[in-house]
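Dear colleague,

I am passing on the structure below, together with notes on what came out of going through it.

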Amino acid sequence: MGRILALFSQEAQLIKALRKEDPKAQRQLYDKYSHRMLALCFRYVCDEMAAEDVMVEGFLKVFEKINQFNSEGSFEGWIRRIMVNESLGYLRKQKRILEDNLSDEANNIPDYIHADQNLETEELMALIEALPVGYRTVFNLYAIEGYAHIEIAQMLGITESTSKSQLHRARALLQKMVAEWQNDYKKKVDYEKASC
């Protein structure tokens, strides 16, 4: 099936049509942002079907609350914030956001100074997905979305120091995971060289 042509060429036109609940505008918005927003939701939820459900709920909220967008700042940023909030709401419902009672295993992780340059973005994202939910959530909010610790604390209902602690632990665990990946990669390359 062919791609739907953009009916609303400017963002202001699209927003105006969305405020009138125009189904074509809603479809265009979904087509334009769904791929990015699904990836965003997946970073938090780490389950494809659940992430898609969260994204759809997020778009419904965008359509419902479009009159609250006051054209200050980025429209995509406003949508992203709704998607992040929907993702966090999903995690809360699943009772999967943890506070300080997460494993203290990360406290004993040594610092690894560098990661191998061969680590691709997809592999790094897979490592982030493997972090415990609490660590991953704070890491995504801080390192990827750019929220401050005080904002994260308010969003998650935790203290600012808990947010900082979770980020520190997430980074330490991620460094350990990258170092392990690097060792596995080096072994694989050495094996391939020896096999030739």
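Of the contacts in the chain with a separation of 6 or more, 69% are accounted for by residues 24 or more positions apart, where contact means heavy atoms within 4.5 Å. Please bear in mind that this is a predicted model, in which local features need pLDDT of at least 70 and side-chain atom pairs count only at pLDDT 80 or more, while totals for chains, interfaces and linings use all residues. Residues are numbered from 1 along each chain as its sequence is written, and side-chain values use heavy atoms, with hydrogens and water left out.

The secondary structure comes to eight helices and zero strands, taking helices (H or I, at least four residues) and strands (E, at least two) as DSSP runs numbered from the N terminus. Along the sequence the chain accordingly reads α-α-α-α-α-α-α-α. Of the 196 residues in the chain, 39% are buried; here buried means under 20% relative accessible area, exposed means over 50%, and partly exposed is in between, with a 1.4 Å probe and protein chains only.

Helix packing

Two packed helices are described by the angle between their axes and the distance between the axes. The axes are lines fitted to C-alpha atoms, for helices over the stretch in contact, and the angles run from 0 to 180 degrees between N-to-C directions. Angles under 35 degrees count as roughly parallel, over 145 as roughly antiparallel, 65 to 115 as roughly perpendicular, and the rest as oblique.

Helix H2 (residues 23-45) and helix H3 (residues 48-64) have axes that come within 8 Å and cross at roughly 135°, and the two are therefore oblique to each other. The residues that make this contact include Leu29, Tyr33, Met37, Cys41 and Val45 of H2, and Ala51, Val54, Met55 and Phe59 of H3. By class, the contact of H2 with H3 has 15 nonpolar, two polar and two charged residues, where Ala, Val, Leu, Ile, Met, Phe, Trp, Tyr, Cys and Pro count as nonpolar, Asp, Glu, Lys and Arg as charged, and the others, Gly among them, as polar.

The axes of helix H5 (residues 121-129) and helix H6 (residues 133-144) come within 9 Å and also cross at roughly 135°, so H5 and H6 are oblique to each other. Met125, Ile128 and Glu129 of H5 make the contact with Arg136, Phe139, Asn140 and Ile144 of H6. The residues of this contact divide into four nonpolar, one polar and two charged.

H6 also packs with helix H4 (residues 75-93), at an angle of about 170° and with the axes 12 Å apart, which makes H4 roughly antiparallel to H6. In this pairing Val84, Leu88 and Leu91 of H4 meet Val133, Thr137 and Leu141 of H6, and the residues of the contact divide into five nonpolar, one polar and no charged.

Individual residues

Which residues does Val54 touch, not counting those up to four places away in sequence? They are Cys41, Val45, Met83, Glu86, Ser87 and Tyr90. Val54 lies in helix H3 and is buried, with a relative accessible area of 5%. Val54 and Cys41 are 13 residues apart in sequence, yet 6.8 Å apart in space, C-alpha to C-alpha.

Cys41 counts as buried, at 0% relative accessibility, whereas Cys46 is partly exposed, with a relative accessible area of 25%. As for disulfides, the count comes to zero, a disulfide being a pair of cysteine sulfur atoms within 2.5 Å.

Cys46 lies in the loop between H2 and H3 and has a positive phi of about 60° although it is not a glycine. Glu21, which is not a glycine either, has a positive phi of about 60°; Glu21 is found in the loop between helix H1 (11-19) and H2, and is exposed, with a relative accessible area of 59%.

Thr159 and His149 are ten residues apart in sequence and 8.7 Å apart in space, C-alpha to C-alpha.
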